[in-house]
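Work through the following exercises with the sequence and the model side by side. Each task is followed by a solution that goes step by step.

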Amino acid sequence: MNSETVLSYFKEITAIPRESGHEEHIIAYLQEFAAKHNLECKTDEAGNVLIVKEAAPGYENVPVIVLQSHSDMVCEKNEGVEHDFAKDPIRYIIKDGWMIAPDTTLGADCGIGVAAQMAVLVSDVPCGKIECLFTTAEETGLDGAMALQPGFFSGKVLLNLDSEDEGEIFVGCAGGLDTTAEFHYKEEAVQDGFETETVFVKDAMGGHSGDDINKGRANAVQLLGRFLYSCLDLDWQLVTIDGGNKRNAIAREAKAVIAAEPDTLDIINERMEAFAADVAEEYGAIETELKVGYGEADPADKAIDEMTAWNLLTALCAAPHGVLAMSQEIENFVETSTNLASVKMTEPGVIRIGSSQRSCVTAARRAAAAKMEACFVLAGAIVKHEGEYPGWAPAAESPIRDACVASYVKLFGVEPKVKAIHAGLECGLFTEKFPGLDMVSFGPTLRGVHAPGERLDLASLDKFVALLNDVIVNFR
């Protein structure tokens, strides 16, 4: 097994639609792959696929190893980019040692793990029995992992291939909880003499709401809410508002259409220019492409009622976002955070605000969700929580962790970092569903995950594949 084979499979995967909740094409691809290579394969009602490679002669008594990745991906694209994730292949380039999707997400999270599993399944490396588990809808709530039934796989050792920093072996992760706030509004007529314009925040870096939450990146929804709140002393109307997309991605873009008399719009635009200067001062060292401004909008005759608009913008300005607490036990490790992910008007009369809270401490995670709830309840919204999943606590003893560390030292002459991750991994659910499972997570280096421009470091792929190969061959 080598990295060229893994990369070849991943290139095939980039042509297969596999947005979370719509994994039917990648499921069929995996089933056809198993049939082509005469491998045992089964699929459960949630779309989870298990493909089995039997032990090589003489390795029948070696512990069974489960290799696990999720088959879905986050589908994000830059504004104005023509790309249909339901049918179009991901467009990527190879540049300066990186595989990059310039205008969309690449799907290396976790497509590169899927590709590595496929390469193992067809390899001739001498090893024990390998069970390759491909789970569904990880990005939208770990649905596939939640639906797994006891006995779907038999191994007691699991390698999760869903990490994004080569040289780091993960032995714990945060749990998560989603919070949704709903405002119900009435339409009111746009006042006579009012004209419309768009105010926007765009081209922020975005990123993964777990891995990147501590990097000080701008949240477009938060910034737009903050600006519009600063204008509530003026006479204007909120026509529409839209920002962010996925709960597990930091919002990169947000915009609103407003209506006011021309003189009032002039004042708002002056304030926006001053606000843009403030934002540049705050984020200029990080957000080199961030744009804050205003532009034309189509005429409108209806707007959101004044009270709902006031409540919404007050709540968006007040809502927490970012790191809430650092770990007292692990140096430089985020313990608790919240992501103000999106504001959407997807159906008449309803505005939904999506957010997610993460923590490796259950009580802290629920307290963060309560903080978000309190903010929006005070503003008159209806709030619900859903999709909670547990964290994964590091084990005191772990043979597979020790084996991975030993292999890394042998191969590369340095100690890997053994740490926990603030992002959510399916391992937390596996600890509940399959007690006694010995697990680690590792992968190649990915950057810009969950945002356009996502990229894979090809040199790190070589090291990832070498480590995976050495572990499955030598673990006893």
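**Exercise 1.** In which sense do E3 and strand E7 (residues 157-160) pair, and over how many bridges?

*Solution.* Before starting, note that this is a predicted model, in which local features need pLDDT of at least 70 and side-chain atom pairs count only at pLDDT 80 or more, while totals for chains, interfaces and linings use all residues. Residues are numbered from 1 along each chain as its sequence is written, and side-chain values use heavy atoms, with hydrogens and water left out.

Begin with the terms: helices (H or I, at least four residues) and strands (E, at least two) are DSSP runs, numbered from the N terminus, and two strands pair if DSSP finds at least two bridges between them. E3 and E7 pair in the parallel sense, over 4 bridges, and glutamine 68 has asparagine 160 as its bridge partner in E7. Next, look at strand E6 (residues 130-135), which runs parallel to E3 and is joined to it by 6 bridges; here isoleucine 65 has isoleucine 130 as its bridge partner.

Finally, consider how covered E3 (residues 65-70) is: 6 of its 6 residues are buried, where buried means under 20% relative accessible area, exposed over 50%, and partly exposed in between (1.4 Å probe, protein chains only). Ile65, Leu67 and Ser69 point one way from the strand, whereas Val66, Gln68 and His70 point the other way.

**Exercise 2.** Find which residues of the largest nonpolar core touch the most other members, and then follow the contacts of leucine 468.

*Solution.* A nonpolar core is a set of buried Ala, Val, Leu, Ile, Met, Phe, Trp, Tyr and Cys residues joined through side-chain atoms within 4.5 Å. The largest one has 63 residues, and Leu159, Leu456, Leu468 and Ile472 touch the most other members. Leaving out residues up to four places away in sequence, leucine 468 touches Met1, Leu67, Ala116, Val120, Leu159, Leu161 and Phe442, where contact means heavy atoms within 4.5 Å. Another core, of 48 residues, lies apart from this one and includes Ala251, Leu265, Ile304 and Met372.

**Exercise 3.** Is phenylalanine 434 buried or exposed, and which residues does it touch?

*Solution.* First place the residue: phenylalanine 434 lies in the loop between helix H10 (427-433) and strand E21 (438-441). Because its relative accessible area is 11%, phenylalanine 434 counts as buried. Apart from residues up to four places away in sequence, phenylalanine 434 touches Leu148, Gln149, Pro150, Gly151 and Phe153. Together with Phe153 and Phe430, Phe434 forms one aromatic cluster.

**Exercise 4.** How are the rings of phenylalanine 183 and phenylalanine 376 arranged, and why is the pair given that name?

*Solution.* Rings of Phe, Tyr and Trp (its six-membered ring) pair if their centres lie within 6.5 Å, and planes under 30 degrees apart count as stacked, over 60 as edge-to-face and the rest as tilted. The structure holds 7 aromatic pairs. In this one the ring centres of phenylalanine 183 and phenylalanine 376 are 6.2 Å apart and the planes stand at 65°, so the pair is edge-to-face. Phenylalanine 183 belongs to strand E9 (residues 175-184) and phenylalanine 376 to helix H8 (residues 362-378), so the pair ties together parts 193 residues apart in sequence. Both of these phenylalanines are buried.
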